[in-house]
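Work through the exercises below with the structure open beside you, and try each task before you read its solution.

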Amino acid sequence: MMFILQQVLQAPQQLQALPPHAEADADLMQQVLDESGKFVAEVVAPLNRDGDEIGAQWKDGAVTMPPGFRDAYQAFWQAGWPALACATEDGGQGLPAVLEATLYEMLSAANHGWTMAPGLLHGAYECIKHHASDELKAAYLEKVATGEWLATMCLTEPHAGSDLGLCRTKAVPMADGRYALSGTKIFISGGEHDLTDNIVHLVLARLPDSPPGPKGLSLFLVPKFYADGTRSAVVCERIEEKMGLHGSPTCVMRFDEAGAWIVGEPGKGLNAMFIMMNAARLHVGLQGIGLLEAAWQKADAYSKERRQMRAPGSSAKAGEADLIEAHPAMRRILDAQRAWVDAGRVVAYRTALELDVLKHHGDAARREVANRWCALVTPVLKSAWTDQAFHGASACLQVFGGHGFVREWGIEQIVRDSRVAMIYEGTNEIQAIDLLLRKTLPDGGAALLKLLDELQTELGHDLLSQRTRAGMERFTAFLRDRLLPRATAKDAPADLANWLADDFLRAVAMLLMAWAWSRIGAAPGADAPRWQAAQTGFWRWVWPEFDMRVAMMDATLSAG
């Protein structure tokens, strides 16, 4: 992780150019990584098995978390970890967003279920900070910033999943200036638990005179407990029985005229909520990277211990089996997943760095570059790396053979836990639609082409960079000469772009990975076997997907 931050991305130099992070040198980054790794390994990781097997328990509206979860969380917030990247005036430490990103990658790798609890904190903090009234900030901002109180994001309803415009939860004005919230929300992560003494719910609802659809939604804040100690009329009706992620309670929440305050302007609820959702999408991408890293670590360790059969060209003694890692089929699996993890870190850490640039850089042109990166790369990061977390973890399970299918080794839990990340915070298919239909077609591809041009200027003149540049040039030509003219033609089928979206996002993901591996390959120390094996894994077994995705889009365009 430190190699990518320091040698590949030159993160210390970039951060020190920003006034708030002038002291963010390599020593500070190393110290934060060391301490966060120690906390995660010693306090959070040991709870993962019980979180899965015992899980969160619901009874009479109350949720009891698995053994050790509350103590670990209390230690977590009291040590200042949730406040890592929050402003000092709000009780935070004011450190760079990229250090928060590395922390949550580790947490997701160690214990995905536990990590769901604080996972929405930073997004909730930003939402309250930028949209809430001064009175709400005084009451809730520091509690959320420090993590003393956890927060939820209440969007989904039984009839309204990704289509939030269908939400029916109502907010009726009350005489005291608050609103009475009534409705049911489902799939609410951490809607009820015993980790903290209070829970801050951020809820999408409709005012009585609001228009239908997304423009009629407003955002409201309702706590579990009010300042006078009374409990709000918010009830956890049950928790879902899920495929995985048993350590995280996924709640059905009922609001029975619960007293709430509006956050931001009426009818602007989605605008305020998008701050939370965009932060969540970066963190979900990091979940994908962390979970795949955990799967790879387990599989790699097993391949170095387990002996099976003779490997091709084996020099083992007669009657002796070779280690699994000596077999090409297993080596291919391990090196390909390692290639995804390393490239994903480059992309994710770069995204976190751009968030700090967007917030703190003095040059408007540079902030525009950062905004372009975040807008275009975040849906790719969320989609491609959560997809790979599940499919890559399944591939890593293959290294174990039959032992991977039983619970003893823990790899099957990662496969189950990782599957949900492809669904929440906007399904991967919605991320693809966002990238192509909302962020590429409307401006004629200008922003994406500009991004690819900027990435090419970062490349060197080595063979890997030449290969990456050739891929980007091919994609640029395909986008300009083939996809854009046909997809935007007057006689094009209305659904043509939707059929293209998934392949389009995957092709962009391949280009970002190629750029990342070109950057890694040019870094001092990248000639070590640790990096060379994964680099070979990328170019041999991952990169060929780029040609396949372009060919699939071309076939769709021809058919349409």
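This is a predicted model: local features need pLDDT of at least 70, side-chain atom pairs count only at pLDDT 80 or more; totals for chains, interfaces and linings use all residues.

**Exercise 1.** Find where Lys185 sits, and decide whether Lys185 is buried or exposed.

Solution. Begin with the secondary structure, where Lys185 has its place in strand S5, which covers residues 179-189. Next, look at the relative accessible area, which is 0% for Lys185. Buried means under 20%, and Lys185 is therefore buried.

**Exercise 2.** Determine which side chain makes a polar contact with the side chain of Lys185.

Solution. Start from the residues in contact with Lys185 beyond four places in sequence, which include Thr156, Glu157, Cys167, Val203 and Met253. Then search for the polar contact, and you will find that the side chain of Glu157 lies 2.9 Å from that of Lys185.

**Exercise 3.** Describe how the two faces of strand S3 are covered, and name the strand joined to S3 by bridges.

Solution. First recall that side chains in a regular strand alternate between the two faces of the sheet. In S3, Leu150, Thr152 and Cys154 are on one side, while Ala151 and Met153 are on the other, and all of these are buried. Finally, follow the 5 bridges from S3 to strand S6 (residues 199-206), which runs parallel to S3; Ala151, for example, has Val200 as its bridge partner there.

Key. Residues are numbered from 1 along each chain as its sequence is written. Side-chain values use heavy atoms; hydrogens and water are left out. Helices (H or I, at least four residues) and strands (E, at least two) are DSSP runs, numbered from the N terminus. Buried means under 20% relative accessible area, exposed over 50%, partly exposed in between (1.4 Å probe, protein chains only). A polar contact is a pair of N or O atoms within 3.5 Å; within protein, one must be able to donate a hydrogen and the other to accept it, and residues adjacent in sequence count only if both atoms are side-chain atoms. Contact means heavy atoms within 4.5 Å. Two strands pair if DSSP finds at least two bridges between them.
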